[in-house]
Amino acid sequence: MWRDAGAPTDSFYEVRPDCTDVPKTRFKIKAGKTLSVRRWQAAFNPEGHLDIARTLVRIQRGGIHPTIRGEVWEFLLGCFDPKSTFEEREQIRQRRRIQYATWKEECREMDSVVGSGRIITAPLITEEGEPIQDPLVLFEANPNKVLVSSLLENGHAETGDESLNNGSNGLNGFSRVKEPTNHVRLEKKVIQWKLTLHQIGLDVVRTDRTLVFYETKEHLSKLWDILAVYAWIDKDVGYCQGMSDLCSPMIILLEDEADAFWCFERLMRRLRGNFRCTESSVGVETQLNNLASITEVLDPKLHQHLETLGGGDYLFAFRMLMVLFRREFSFGDSLYLWEMMWALEYDPDLFFLYEEPESAAEKNEGSKGKAKSIRQCGKFERENMRNAANSSETPVPISVFLVASVLKTKSTKLLQEARGLDDVVKILNDITGNLDAKKACSGAMKLHKKYLKKAKRSYASS
């Protein structure tokens, strides 16, 4: 029987020619399996209501065509309610764009680099909020002012550029670097935010640097701006390393900066718990503990071996969970993995949960005993719903079962060859570029089902 080998997708996320060691994307566009532009458009009725159930089936079967990925992700991440109309979504979009512009302007007033097309990679202030007077730092923050001040200091102001020598549009518009400034004492929250800006910059210039897309400075500054604004509005978590890896695909898939921001913000609603740290614990610790429990139940020999090696805290899986396998897959395959995960986990109440948390809580209270449409949920979410009566615990995300499935595939090798934690890390690093996203999701689903069955038996016997 003839099988469609599929069309390659590497051309959609072009890699720089000098980056020869980047793994090829395994994901291929397959007719009849991948959610195509035609099928996506046909999934809406004339008013704009989306048939989310059919859409989820198609995504789970073969992913999303790269040309429509951004707009489909907006639904998967809960930016929009599938039951909304075209008009309602446009109103929400415009309102969010205005909100983002307001926040960005607020940030720009605190630091003029925001929205300037530039990024910061060196600290601008001390921890006490005092400006750092290093010339290189000042040049990065405001190259025009520093350039003119330098010309003045060296007696080279006669550049032939009249705008530098005359009138209110000339030197009067610039300040000398060495002039003392009576700066206003900054609030603690502003200091904290300004202290993160250079860290965001350092991470941004390292993010997806193999892609041609990020050779354009405009794209780098857009990523920096979004992360800077997010760091300001999320007072609890702010910015943490790894967020640039999660935000980068949004910039590539959604042309409008505000739309990309809201997609990232919705993704962070799922993952921000991983980044929340206290003096005594790391946010992702809960998921690492879940991973340990799952492995102990499903593969006790491997769990015992890892504990003997001193890896019972499962910190070797930290990166996989924090940035959702961005390092283990090619760029294109990591997007394929994400959309399948989100389709499997999809909850039709997601939009209301994020947009109107109070009314969502009331809705849940009022619908006790009245289940939401199981057909509109992803497969993974359906299993959790069926199991809800047997457990009072918060469901474990599919990403944890994905890591468990990776460990299962490497179980024999880990048991036979790992003699220390360095060996564990090396064996797991060897999976980079060699994982199949669809098989990984299938493996995660099987382990999830198996784990729920064992948990159900344990619950019944207790």
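**Pockets and cavities**

Domain 1 (12-88) and domain 2 (97-136 + 185-271) each contribute residues to the lining of the second largest pocket, so this pocket lies between them. The model is a predicted one. The count of cavities of 30 Å³ or more comes to 3.

**Second largest pocket**
- The volume of the second largest pocket is about 980 Å³.
- Its lining is made of 38 residues. Asp 208, Thr 210, Arg 326, Arg 327 and Phe 329 lie nearest the centre.
- Helix H10 (243-253), H11, helix H14 (318-322) and helix H15 (331-345) each supply at least two lining residues.
- H14 gives the largest share of this lining, with 3 residues.
- By class, the pocket lining holds 15 nonpolar, 10 polar and 13 charged residues.

**Largest cavity**
- The largest cavity has about 70 Å³ of volume.
- Ile 294, Thr 295, Leu 298, Asp 299, Leu 302, Ala 404, Leu 407, Lys 408 and Leu 447 line the largest cavity. Helix H12 (285-298) and helix H19 (398-409) are the elements that give two or more residues to this lining.
- The lining of the largest cavity counts 6 nonpolar, 1 polar and 2 charged residues.

**Second largest cavity**
- The second largest cavity holds about 40 Å³ of space.
- Glu 74, Phe 80, Arg 93, Arg 96, Asp 259 and Trp 262 form its lining. The elements that give two or more residues here are helix H4 (86-110) and helix H11 (257-275).
- This lining has 4 charged and 2 nonpolar residues, and no polar ones.

Note on methods
Residues are numbered from 1 along each chain as its sequence is written. This is a predicted model: local features need pLDDT of at least 70, side-chain atom pairs count only at pLDDT 80 or more; totals for chains, interfaces and linings use all residues. Side-chain values use heavy atoms; hydrogens and water are left out. On a 1 Å grid over the protein atoms alone, a cavity is a set of points where a 1.4 Å probe fits but cannot get out, and a pocket is an open set with protein on both sides within 12 Å along at least five of seven lines; lining residues have an atom within 4 Å of a point. Grid points are joined across faces, edges and corners, and a volume is the space filled by probe spheres set on the points. Helices (H or I, at least four residues) and strands (E, at least two) are DSSP runs, numbered from the N terminus. Ala, Val, Leu, Ile, Met, Phe, Trp, Tyr, Cys and Pro count as nonpolar, Asp, Glu, Lys and Arg as charged, and the others, Gly among them, as polar. Domain bounds come from an automatic or database domain assignment.
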